[in-house]
Amino acid sequence: MNLRFLLVTVLALFLTGCSRQAASRSESSQTIPSQIEFALSTICQITLYDWGEPRIYQDIFSRIKEIESRMSLYLEGSELDQINRAAGIEAVRVSADLFEVIERAVHYAELSGGAFDPTVGPLVTLWDIGGDNPRVPTQEEIDAVLPLVNWRNIELNRENQTVFLTQPGMALDLGAIAKGYAGDEAAAIIKKARVPQAIVNLGGNTLAVGEKLDGTPWRVGIQNPLEGRGAYIGIVQTDEISIVTSGLYERYYVADDGTHYHHLILPSSGYPAQSGLLAVSILTDISMDADALSTAVFVLGFDEGRALVESLDGVEAIFVLEDRTVRLTDGINFTLTDDHFTLVID
Ligand code: AMP
Ligand code: MG
């Protein structure tokens with residue numbers, strides 16, 4: 001992947017005057033405008049404005065990598081891996097970080113009626129979309145793992161900080177929520193260091209830190225789900241600090257017969273969710289919540305997803321449907337800029 005291209009496109013997504021400021025600083029090499037590293041299976045970019053101290057980047061990335069070492073399904077020996085290996089055998093004591101994220105994941109599983117389910121691990125492994133060996137499993141294979149996918153079989157003990165998966169073969173996958181948590185933690189470090197303004201972008205999970213200097217709302221480009229990263233369909237103006245998008249374009253596999261299979265799985269069927277959505281962006285203050293909700297709402301689809309978002313305070317959403325309509329919750333200020341799509345206001 002071309003990192004320079006990505007740097008430009010990611011910066012372009014936050015359409016603030018500060019992006020220009022960052023670019024000019026980059027040219028004069030007076031400060032490091034942003035730093036990119038690969039972690040949490042994605043490209044992580046931190047941009048600190050008006051800040052000359054590079055050490056904070058190290059602090060942020062070592063925190064992100066610490067979170068990865070605890071929460072990754074793919075790192076052998078991670079705390080998550082230990083929980084999964086002990087499925088059906090014993091409870092595992094975990095860090096406060098991981099416990100908090102699993103607790104929140106269970107909350108969203110319940111709230112979404114199981115559309116979001118952190119026990120999708122066996123299905124994610126079976127399909128391996130975005131991994132080295134993606135394939136379409138047989139119905140028998142799917143049927144064999146479906147009984148293992150059930151968030152109600154996660155036992156949490158807050159006092160002992162332990163997690164127990166009650167059935168052998170169960171596996172947690174926090175891929176739909178951990179990046180959001182890492183974003184919140186990065187933002188906390190940035191605030192503590194009193195950096196006036198920053199943008200955290202963890203593979204499309206974005207978080208703005210600090211007030212915009214001119215007091216106007218943030219202007220953020222919403223990704224065109226039918227094109228590559230960097231093309232946007234419109235601009236949202238928002239005071240919410242986190243915007244997280246789940247879209248079928250993020251990871252998918254094209255089978256020999258040309259069928260596209262994406263990475264957002266309907267836990268009840270074991271197949272990629274056919275919810276009628278191409279993408280959904282969630283806007284709210286806490287990135288971990290935005291992340292869990294983006295996945296939940298994508299799987300639920302427009303009607304049920306919108307009802308869920310509207311039942312929550314301080315959460316807004318932008319839906320991009322397969323029929324190329326764009327729909328919004330009531331509190332969104334969105335301007336469509338791509339005439340291949342149609343904005344529908346109910
Ligand atoms: P996101 O990009 O935040 O929507 O997260 C997508 C990732 O979450 C996938 O790559 C899977 O690892 C995992 N995942 C897929 N389907 C679900 C689901 N229904 N509930 C929870 N996690 C899921
Ligand atoms: Mg998510």
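Student: How many helices and strands does the chain have?
Tutor: The chain has 10 helices and 17 strands. Helices are DSSP runs of H or I with at least four residues, strands are runs of E with at least two, and both are numbered from the N terminus. This is a predicted model, where local features need pLDDT of at least 70 and side-chain atom pairs count only at pLDDT 80 or more, while totals for chains, interfaces and linings use all residues. Residues are numbered from 1 along each chain as its sequence is written, and side-chain values use heavy atoms, with hydrogens and water left out.

Student: What share of the residues is buried?
Tutor: 55% of the 346 residues. Buried means under 20% relative accessible area, with a 1.4 Å probe and protein chains only.

Student: Ok, Asn84. Where is it found?
Tutor: In helix α4, residues 79-85.

Student: And is Asn84 buried or exposed?
Tutor: Asn84 is buried, because its relative accessible area is 13%.

Student: Which residues does Asn84 touch?
Tutor: Leaving out residues up to four places away in sequence, Asn84 touches Leu73, Leu165, Met170, Ala171 and Leu172. Contact means heavy atoms within 4.5 Å.

Student: New topic. How much space lies in the second largest pocket?
Tutor: About 260 Å³.

Definitions and conventions
Chains lettered and ligands numbered in written order. Buried < 20%, exposed > 50% of the residue type's maximum accessible area, 1.4 Å probe, protein only. 1 Å grid on protein atoms, 1.4 Å probe; cavity = no way out; pocket = protein on both sides within 12 Å on 5 of 7 lines; lining within 4 Å. Points joined across faces, edges and corners; volume = space filled by probe spheres on them.
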